[in-house]
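Here's a quick briefing to read alongside the model. Have the viewer open and follow along by topic.

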Amino acid sequence: PATVVAPTAGDDASSDSRSPREDDPVWMVRNTIHGAWRLANVRADVRQAATAALQQPRLAQWIRKDNTLPMCVLGVAMLRAAAHKLGLEDSTNALLTQYCHQYHISQTTARDAADAITGMMTVGTTTTKGVFGDGIF
């Protein structure tokens with residue numbers, strides 16, 4: 001199996017937004033999106049849209065520089081934003097409530113962050129095919 005080696009501080013690759021690094025907030029939120037997707041029972045196309053949006057430079061920069069939310073709250077906010085952007089029902093409310101309570105964060109703050117993410121996020125409409133958003137049915 002191939003192993004991924006994180007670049008050192010002097011490597012040019014460390015500035016590449018696609019270079020996986022354990023300490024990179026974008027990669028951390030990617031992992032939380034995948035966990036939250038399962039916990040909140042979100043459609044696969046919503047997860048795909050939220051994950052794909054992480055590659056958008058403006059959103060990645062916001063996550064790295066301006067985000068103040070814990071990663072698990074941010075992951076749920078990303079799923080919420082993707083659902084809104086795709087015009088689909090948001091099924092993250094219970095999980096968002098749980099995480100906000102756990103981290104002593106106002107739900108309004110988390111929802112405002114999701115709204116800000118929605119404004120920065122661009123999604124393709126072709127990802128919403130199929131009953132479950134997975135393109136199978």
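**Arg80 and its surroundings**

Leaving out residues up to four places away in sequence, Arg80 touches Asp90, Thr92, Asn93, Leu96, Arg111 and Ala114. Keep in mind that this is a predicted model. Arg80 sits in helix α4, and its partner Asp90 comes up again below, in a salt bridge.

- Is Arg80 buried or exposed? With a relative accessible area of 11%, Arg80 is buried, because the cut-off for that label is under 20%.
- The side chains of Arg80 and Asp90 make a polar contact at 2.5 Å.

**Salt bridges**

Side chains of opposite charge can pair when their charged atoms come close. How many salt bridges does the count give? It comes to three, and here they are one by one.

- Arg80 and Asp90 form a side-chain salt bridge, with 2.5 Å from N to O. Arg80 belongs to helix α4 (residues 71-86) and Asp90 to the loop between α4 and α5 (93-103), so this pair ties together parts that are 10 residues apart in sequence.
- Arg64 and Asp24 also meet through their side chains in a salt bridge, at 2.9 Å from N to O. This pair links distant parts of the chain, 40 residues apart: Arg64 is in helix α3 (residues 57-65), while Asp24 is in the segment before α1 (25-40).
- The labels follow because under 20% counts as buried and over 50% as exposed, with partly exposed in between.
- Arg43 and Asp45 make up another salt bridge, their side chains meeting at 2.8 Å (N to O). Arg43 is partly exposed, with a relative accessibility of 25%, but Asp45 is buried, at 0%.

**The fold in outline**

- The chain has six helices and zero strands. Reading from the N terminus, the elements run α-α-α-α-α-α.
- Of the chain's 137 residues, 40% count as buried.
- The accessible surface of the chain is about 8000 Å², and carbon and sulfur atoms account for 52% of it.
- Take the contacts between residues at least 6 apart in sequence: 65% of them join residues at least 24 apart.

**The nonpolar core**

- Which residues touch the most other members of the largest nonpolar core? Out of its 40 residues, the answer is Ile63, Met78 and Ile117.
- Every one of α1, α2, α3, α4, α5 and α6 supplies at least two residues of this core. The helix that gives the most to the core is α4, with 11 residues.
- Ile63 is a handy place to start looking around: not counting residues up to four places away in sequence, Ile63 touches Pro25, Val26, Val29, Leu54, Leu74 and Met78.

**Leu96, a contact of Arg80**

- Leu96 is found in helix α5 and is buried, at 0% relative accessibility.
- Setting aside neighbours within four places in sequence, Leu96 is in contact with Val73, Val76, Arg80, Ala110 and Arg111. Arg111 is also among the residues that Arg80 touches.
- If you want a distance to check in the viewer, the C-alpha atoms of Leu96 and Leu74 are separated by 9.3 Å, and these two residues are 22 apart along the chain.

**Positive phi angles**

Most residues other than glycine have a negative phi.

- Asn41 has a phi near 55 degrees, a positive value in a residue other than glycine. Asn41 lies in the loop between α1 and α2 (44-53) and is exposed, with a relative accessible area of 67%.
- His104 also has a positive phi, near 55 degrees, and is likewise a residue other than glycine. Where does His104 sit? His104 is in the loop between α5 and α6 (107-120).
- Is His104 buried or exposed? At a relative accessible area of 72%, His104 is exposed.

Notes: Residues are numbered from 1 along each chain as its sequence is written. This is a predicted model: local features need pLDDT of at least 70, side-chain atom pairs count only at pLDDT 80 or more; totals for chains, interfaces and linings use all residues. Side-chain values use heavy atoms; hydrogens and water are left out. A salt bridge is a side-chain nitrogen of Lys or Arg within 4 Å of a carboxyl oxygen of Asp or Glu. Helices (H or I, at least four residues) and strands (E, at least two) are DSSP runs, numbered from the N terminus. Buried means under 20% relative accessible area, exposed over 50%, partly exposed in between (1.4 Å probe, protein chains only). A polar contact is a pair of N or O atoms within 3.5 Å; within protein, one must be able to donate a hydrogen and the other to accept it, and residues adjacent in sequence count only if both atoms are side-chain atoms. Contact means heavy atoms within 4.5 Å. Accessible areas come from the Shrake-Rupley method with a 1.4 Å probe; for residues, only the protein chains shown count as cover. A nonpolar core is a set of buried Ala, Val, Leu, Ile, Met, Phe, Trp, Tyr and Cys residues joined through side-chain atoms within 4.5 Å.
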